Amino acid sequence: MLMVVVLSFSGVIAADKPHILFIVADDLGWNDVDWRDPNMHTPTLSRMARQGIILNSSYVQPLCSPSRSAFMSGYFPFHTGLQHGVIMPEQKAYLPANLTTLPQSLKDLGYATHAVGKWHLGFCNWKYTPTFRGFDSFLGYYNAAEDYYTHMAGRGYDFRQDTAVDKDDAGKYSAYTFAERAQVLIGQHNTSQPLFLYLAFQSVHGPLEVPAVYENVFCGHIQNETRRTKCGMVAILDEAIANITGHLEDTGLIDNMLIVFTTDNGGPVWDAGNNWPLRGAKATMWEGGTRGTAFVYSKNLFQNKGTVHKGMMHAVDWFPTMMTAAGGSPPPGIDGVSQWESLTTGSPSPRSEFVYNMDAIEDGQKPAFHAAIRSGDWKLMQGPAGMGPAGIPYNGWYPVPGVDGEQEEFDESAVEDPGPDDYQLFNIKEDPTEHHDVKDKYPDVLAKMKARLAEWRQTMVPANFPENDPAANPEHYGGTWTPGWC
């Protein structure tokens, strides 16, 4: 997924409390944008990235629900129980109700708050859904993935306007629906009140679906069929963001605005996503699964536009960063730290460490415990990095499928998957592609990192990953995924 944040200053009130547009796209890989892979089509994003500040060390979680929980709560998922996999449609799993969310905190500062797009933070009870978690309105869906046109997620329909089932948008490609909704909200907003708009695109998550014109016009040079479709999906995402930013230009809001763009996890290489030259994929703790495509853009807020920012950042930091920009303070005790000063002045990042993830559930594929942490340039991993579909570990390096249709396959058996008691140590500054495990070369660093991992592990809460509940079956609710069964 991908995220864009827009902070807009409109008049005297907005100068104190900027409007905020927070756009998230799904499953966009490190190499799925045209400033890294010129075969892709992202002119709008590329222009903003090159005229803004590219964030080269902005980290996210390996999967959807964990990243969204970090965005909304400011906590690492292993502190909220969402560290294992993603929330499945029939699970009683959710972002805990006792946590204060980003929109709730912004409402306390006087913001109007709206959510558009994917939620994926639980829906078994109404209290876990967007309009009960701080949003004034919601248009979108609850689950991880669905058909882009029919909005069917497995055996149930999943599309809502606030709490009501929305059938009016059935048959319409979701990127169109979400962009149009965003433009309506922007156009209707009373600028005397600060606005927070959370726009979480379905694009570019599977299934691989896009109107044919986007493949043919923008991506016809790519002969690899799945990569061509992925390119078309990225192109329609870029167009949707162009339409929104164009509307902001028309209203004058962009004249004093911050745009932050980040993905929610690395690209799924099994689904035409690409993270080259980084190692791994979505669902893994390798850099390719967690180092997100990201940038910030503003016409007038930054002193160092047109640069690459190498300071360490994490998904949990956007909550306190936005609160600082809005003149407020985040809830005490969260894991996130404000990056506002670092972004606006170019000063060093206040973050020196983070946890990629840690998980203690054994589910037949993953071991009883695996984790990865970062401290400065050092990265320590215990156990396997993760697991993709069909139990494939995705430990390798996956070049982009060529324009000639050929794709170099990585031999997964060429890299031995470590056991739960095995450690790997990497210096990410010197070896960003994680080719060289240096634990034997630096035993003192290994010992210090293992001790720090043990300290982090003491703070881990049990993962909330229950068995499926038949009470969730959409057949009980007229064929629609509906809250009210927990």
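## Aromatic pairs

At 29% relative accessibility, Phe218 counts as partly exposed, and in this predicted model the residue takes part in one of the aromatic pairs, whose count comes to 30. A pair of aromatic rings is described by the distance of the centres and the angle of the planes. For Tyr173 and Tyr176 the ring centres are 6.1 Å apart and the planes stand at 65 degrees, which is over the 60 degrees required, so this pair is edge-to-face. The partner of Phe218 is Tyr214, and their pair is tilted, with 6.2 Å from centre to centre and 35 degrees between the planes. Tyr214 and Phe218 both belong to helix α6, where four residues, or about one turn of the helix, separate them.

Elsewhere, ring pairs join Phe22, Phe71, Trp119, Phe135, Phe196 and Tyr198 into a cluster.

## Charges over rings

Two cases of a charged side chain placed over an aromatic face can be described. Lys167 lies over the face of Tyr157, at 5.0 Å from the ring centre, and Arg457 lies over the face of Phe369, at 3.6 Å from the ring centre.

Strand β6, residues 137-141, is mostly covered, with five of its five residues buried. Ser137, Leu139 and Tyr141 point one way from the strand, whereas Phe138 and Gly140 point the other way, and the residues of both groups are buried.

Two strands pair with β6, and the sense of the pairing can be given for each. With strand β5, residues 112-118, the pairing is parallel and runs over five bridges, among them the one in which Phe138 of β6 is the partner of Ala115. With strand β9, residues 160-161, the pairing is antiparallel and runs over two bridges, including the one that joins Leu139 to Gln161 of β9.

## Helix α5 and its cover

Helix α5 comprises 15 residues, 174-188, and the distance from its first C-alpha to its last is 21 Å, close to the 21 Å expected at 1.5 Å a residue. Its buried residues are Ser174, Ala175, Thr177, Phe178, Ala179, Arg181, Ala182, Leu185 and Ile186. The elements that cover these buried residues include the strands β5, β6, β9 and β11, together with helix α7, residues 225-251.

## Strands β18 and β19

Strand β19, residues 423-427, has four of its five residues buried, so the strand is largely enclosed by the rest of the structure. Strand β18, residues 378-382, pairs with β19 in the antiparallel sense over five bridges, and one of these joins Trp378 to Asn427 of β19.

## Pro207 in its loop

Pro207 is located in the loop between β11, residues 195-200, and α6, residues 212-218, and with a relative accessible area of 32% the residue is partly exposed. Beyond its neighbours within four places in sequence, Pro207 is in contact with Glu146, Asp147, Tyr148 and Met233. Asp147 is 60 residues away from Pro207 along the chain, yet their C-alpha atoms are separated by 6.7 Å.

## Cysteines and disulfides

The structure holds two disulfides. In one, the sulfur atoms of Cys124 and Cys486 are 1.9 Å apart, and the torsion about the S-S bond is about 65 degrees, so this disulfide is right-handed. The bond links distant parts of the chain, 362 residues apart, with Cys124 in the loop between β5 and β6 and Cys486 in the segment after α11, residues 443-457. Cys124 is buried at a relative accessible area of 0%, whereas Cys486 is partly exposed at 35%.

In the other disulfide, the sulfur atoms of Cys219 and Cys231 are 2.1 Å apart, and with -75 degrees about the S-S bond the link is left-handed. Cys219 lies in the loop between α6 and α7 and Cys231 in helix α7, 12 residues apart, and both cysteines are buried. When the bonded cysteines are numbered in sequence order, the pairing reads 1-4, 2-3. Cys64 is in no disulfide, and the nearest cysteine sulfur, which belongs to Cys124, is 19 Å away; at 2% relative accessibility, Cys64 counts as buried.

Key. Residues numbered from 1 in each chain as written. Predicted model: local features only at pLDDT ≥ 70, side-chain atom pairs only at ≥ 80, totals over all residues. Heavy atoms only, no water. Buried < 20%, exposed > 50% of the residue type's maximum accessible area, 1.4 Å probe, protein only. Contact = heavy atoms within 4.5 Å. Pairing = 2+ DSSP bridges. Phe/Tyr/Trp six-rings, centres within 6.5 Å; stacked < 30°, edge-to-face > 60°. Lys NZ or Arg CZ within 6 Å of the ring centre and 35° of its normal. Expected span 1.5 Å × (residues − 1). Disulfide = S-S within 2.5 Å.
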